[in-house]
Amino acid sequence: MNPDVAAELKDISATLESIEAVLDPQRLRAEIAQLSEEAGRPDLWDDVEAAQKVTSRLSHAQGELRRIEDLRRRLDDLPVLYELAEEEGGAEGAAATADADAERAKLHEEISALEVRTLLSGEYDPREALVTIRAEAGGVDAADFAEMLLRMYLRWAERHGYATDVYDTSYAEEAGIKSATFQVHAPFAYGTLSVEQGTHRLVRISPFDNQGRRQTSFAGVEVTPVVESTDHVDIDEKDLRVDVYRSSGPGGQGVNTTDSAVRLTHLPTGIVVSCQNERSQLQNKASAMMVLQAKLLERRRQEEQAKMDALKDTGSSWGNQMRSYVLHPYQMVKDLRTEHEVGNPGAVLDGEIDGFIEAAIRWRRQQQAAAS
């Protein structure tokens, strides 16, 4: 085997060993056994929410174990593929070597992507995520851009097989959305998507400008961890203003004929959340309360982080504007923190954002290490 190839295989194997040490296949097997036992209980679905958590955790643990075992098996098989190619010789041997090289490159990419998961060690990183997108400066183009980002994240979740729930969408008058909030149901969704928080910038020829001028518009992305029963986010009813209204769709089209949508205003902080995706006012209020608790939890986390930063005498390492999507005069999407860029905005806006997320998670870890 080529010495360079052998050295690279050794490096890839060392990376996979470090991943196995963190994710611990033996622990995953024990967790799967326990969750499988829970999932087999006849009374499991008496509590639907608890049952969904058990089945979701089981599915995730099984997928995680399969992924690690598959990578290890393929990596162990790779030296054999190279040996067979050498024995083959000639044109067939060259073709077999090319196949082995392609598998080596693919393994390197997949193991690097999995390695990023081991960098998610924050207190709330294992949680599911609540994502809120808001149109900012740029008028109708900003509202259209906010809707493009909503579709981008929902497509990203769909590509990964993650379930999502859109809790509220506020449509703009001409096109696009003023804001939307949705939940990603997947372990580590918060840790993964938290690097997407910030201001996103779009540069393009505006489809809403009859003179065909170039327009710059902005949309904000906020990511918060989903609240769990152990978080103790207490909300006094006296601190809430509850408004009910009729759900509506684009252009004011009626979704139903009752005042089932709910808007909650937390008076001490001014945080406002709303939900209109459920059929009943009670269900919408419960969903809105969950979103409000998550936002209050994130506010508390940010306040604690600000105190820590003040103690360390370091400012925030996060710039507010974090990514540019340029559709004119050239085609490029670039992360302003990591310098990661691609020349295919269409693919990015269709949900292919893993490269940006992975680069940002690595960048964040470097920033944290430098500040400590």
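Visitor: Where is Glu339 found?

Guide: Glu339 is found in the loop between strand 10 and strand 11 (341-342), where helices (H or I, at least four residues) and strands (E, at least two) are DSSP runs numbered from the N terminus. This is a predicted model, in which local features need pLDDT of at least 70 and side-chain atom pairs count only at pLDDT 80 or more, while totals for chains, interfaces and linings use all residues. Residues are numbered from 1 along each chain as its sequence is written, and side-chain values use heavy atoms, with hydrogens and water left out.

Visitor: What is the phi of Glu339, and how should I read such a value?

Guide: Most residues other than glycine have a negative phi, and most peptide bonds are trans. Glu339, although it is not a glycine, has a positive phi of about 70°. At 47% relative accessibility, Glu339 counts as partly exposed, a class that lies between buried (under 20% relative accessible area) and exposed (over 50%), with a 1.4 Å probe and protein chains only. Asp24 also has a positive phi, of about 55°, without being a glycine; Asp24 sits in the loop between helix 1 and helix 2 (25-39) and is partly exposed, with a relative accessible area of 31%.

Visitor: How many salt bridges does the structure hold?

Guide: Side chains of opposite charge can pair when their charged atoms come close. A salt bridge is taken here as a side-chain nitrogen of Lys or Arg within 4 Å of a carboxyl oxygen of Asp or Glu, and the structure holds 31 of them. One of these joins Arg104 to Glu8, with the closest N and O atoms 2.5 Å apart. Because Arg104 lies in helix 4 (residues 90-117) and Glu8 in helix 1 (residues 3-23), the pair ties together parts that are 96 residues apart in sequence. Arg104 counts as buried at 13% relative accessibility, whereas Glu8 is partly exposed, with a relative accessible area of 27%.

Visitor: Which residues form salt bridges with Asp350?

Guide: Asp350 meets Arg151 in a salt bridge at 2.9 Å, N to O. Asp350 lies in the loop between helix 8 (345-349) and helix 9 (354-371) and Arg151 in helix 5 (residues 139-160), so this pair ties together parts that are 199 residues apart in sequence. Asp350 also forms a salt bridge with Arg159, where the closest N and O atoms are 3.0 Å apart; this pair again links distant parts of the chain, with Arg159 in helix 5, 191 residues from Asp350. Both arginines are partly exposed, Arg151 with a relative accessible area of 43% and Arg159 with one of 40%.

Visitor: Which residues are linked in a network of salt bridges?

Guide: The network links Asp70, Arg73, Arg74, Asp77, Glu103 and Glu110.

Visitor: Is Thr199 buried or exposed, and which residues is Thr199 in contact with?

Guide: Thr199, which lies in strand 4 (residues 198-205), counts as buried at 7% relative accessibility. Contact means heavy atoms within 4.5 Å. Leaving aside neighbours within four places in sequence, Thr199 is in contact with residues including Glu136, Phe218, Asn320 and Arg323. For the chain as a whole, residues 24 or more positions apart account for 65% of the contacts with a separation of 6 or more, and buried residues make up 41% of the 372 residues.

Visitor: Which residues make the nonpolar surface patch?

Guide: Patches are made of residues with over 30% relative accessible area and no salt bridge, nonpolar side chains (Val, Leu, Ile, Met, Phe, Trp, Tyr) being joined within 5 Å and like charges within 9 Å. Val80, Leu81 and Leu84 make a nonpolar patch of about 240 Å², an accessible area that comes from the Shrake-Rupley method with a 1.4 Å probe, where for residues only the protein chains shown count as cover. Leu84 is found in helix 3 (residues 48-88) and is partly exposed, with a relative accessible area of 46%.

Visitor: Which residues gather in the patch of negative charge?

Guide: Glu83, Glu86, Glu87, Glu88 and Glu92 gather there on the surface, and helix 3 gives the most to the patch, with four residues. Asp and Glu count as negative and Lys and Arg as positive, without His and the chain ends, and the place of a charge is taken as CG of Asp, CD of Glu, NZ of Lys or CZ of Arg. The chain has 42 positive and 65 negative side chains, with the centres of the two sets 6 Å apart.
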